[in-house]
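Please walk through this structure one region at a time, with the sequence and the model side by side.

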Amino acid sequence: MLDTTTSYRLIARDITTSLARTAKEPQVALESAYYMKKIGGIASIDDFLKDTRLFKFAMTAFGLDDMAYAKGFVRKILKDGVADSTSLANRLTDTRFKALATAFNFKRDGAAATSSFATRQGVVDRYVRQTMEVSAGADNEGVRLALYFQRTAPTVKSAYGLLGDEALWKVVKTVLGFPTEMASADITKQAAAINKRLDISTLSDPVKLGKFIGRFTAMYDAQNAQSAPLLS
């Protein structure tokens with residue numbers, strides 16, 4: 001098995017080719033074709049939730065496949081929308097739900113909510129990327145975490161965004177050396193600890209983000225006893 005740093009770099013250095021290869025996989029192509037065929041007929045939240053196959057595809061695209069069973073919860077999120085700061089999507093620390101509600105904005109757009117690029121090809125692109133990351137994680141979870149962090153971290157605006165996303169938090173915790181017990185502390189104290197050690201704005205800088213991920217992959221290998229040439 002290649003070490004985490006090498007595996008991550010092999011995928012990340014030509015992400016376009018990696019995504020194209022994933023998109024051509026039979027199951028991915030089949031599900032993507034089904035989604036593109038059916039999404040045009042989705043005109044309401046009820047339509048969206050009723051087509052389980054399409055709904056699961058969309059949830060997977062936003063990294064929420066493990067919540068596909070919670071249709072009542074998702075209904076509430078979509079019904080509230082994102083315009084109101086007090087809506088459920090805006091109050092959740094997990095920003096994936098807000099991303100879902102922003103793409104499928106039935107609250108604002110009604111029947112036209114699924115006619116945008118974001119809810120058509122945009123969702124397919126998300127699904128392909130998510131599938132690629134999960135596939136990479138089947139061999140090495142560190143690679144999946146690194147790829148996810150590369151994609152998602154630049155959109156995070158505060159320490160709470162890192163704390164609210166389990167995968168992002170795993171990366172940050174590893175790099176900054178935070179103990180597992182820290183999760184039991186008050187969330188404001190956790191956020192303060194992160195802000196003391198990390199300038200969140202640096203995550204939107206490609207160079208600084210790359211260095212942060214490099215530190216993570218090396219430390220991940222060290223902690224999990226993988227062979228890591230960079231450490232040598």
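**A loop serine, a helix and its rings**

In this predicted model, S87 sits in the loop that runs between α6 (71-80) and α7 (88-91). Its relative accessibility is 3%, so S87 counts as buried, the cut-off being under 20%. A polar atom of the S87 side chain lies 3.1 Å from the backbone oxygen of G81. Leaving aside residues up to four places away in sequence, S87 touches D80, G81 and V82.

The next stop is helix α15. This helix covers residues 206-223, and its 18 residues should span 26 Å at 1.5 Å a residue; the end C-alpha atoms are 25 Å apart, which agrees. The buried residues of α15 are L209, F212, I213, F216, T217, A218, Y220 and D221. Among the elements that cover them are α1 (4-12), α11 (141-152) and α13 (166-176).

Aromatic pairs come next. The whole structure holds 10 of them. In the pair formed by F216 and Y220, the ring centres are 5.6 Å apart and the planes meet at 50 degrees, so the pair is tilted. These two residues are 4 residues apart in α15, which means that about one helical turn separates them. F216 is buried because its relative accessible area is 1%, and Y220, at 12% relative accessibility, also counts as buried.

Elsewhere, ring pairs join F48, F55, F62, F104 and F106 into a cluster. Another ring, that of Y34, has R53 over its face, 4.0 Å from the ring centre.

Technical notes: Residues are numbered from 1 along each chain as its sequence is written. This is a predicted model: local features need pLDDT of at least 70, side-chain atom pairs count only at pLDDT 80 or more; totals for chains, interfaces and linings use all residues. Side-chain values use heavy atoms; hydrogens and water are left out. Buried means under 20% relative accessible area, exposed over 50%, partly exposed in between (1.4 Å probe, protein chains only). A polar contact is a pair of N or O atoms within 3.5 Å; within protein, one must be able to donate a hydrogen and the other to accept it, and residues adjacent in sequence count only if both atoms are side-chain atoms. Contact means heavy atoms within 4.5 Å. The expected span of a helix is 1.5 Å times one less than its number of residues. Rings of Phe, Tyr and Trp (its six-membered ring) pair if their centres lie within 6.5 Å; planes under 30 degrees apart count as stacked, over 60 as edge-to-face and the rest as tilted. A charge sits over a ring if NZ of Lys or CZ of Arg is within 6 Å of the ring centre and within 35 degrees of the ring normal.
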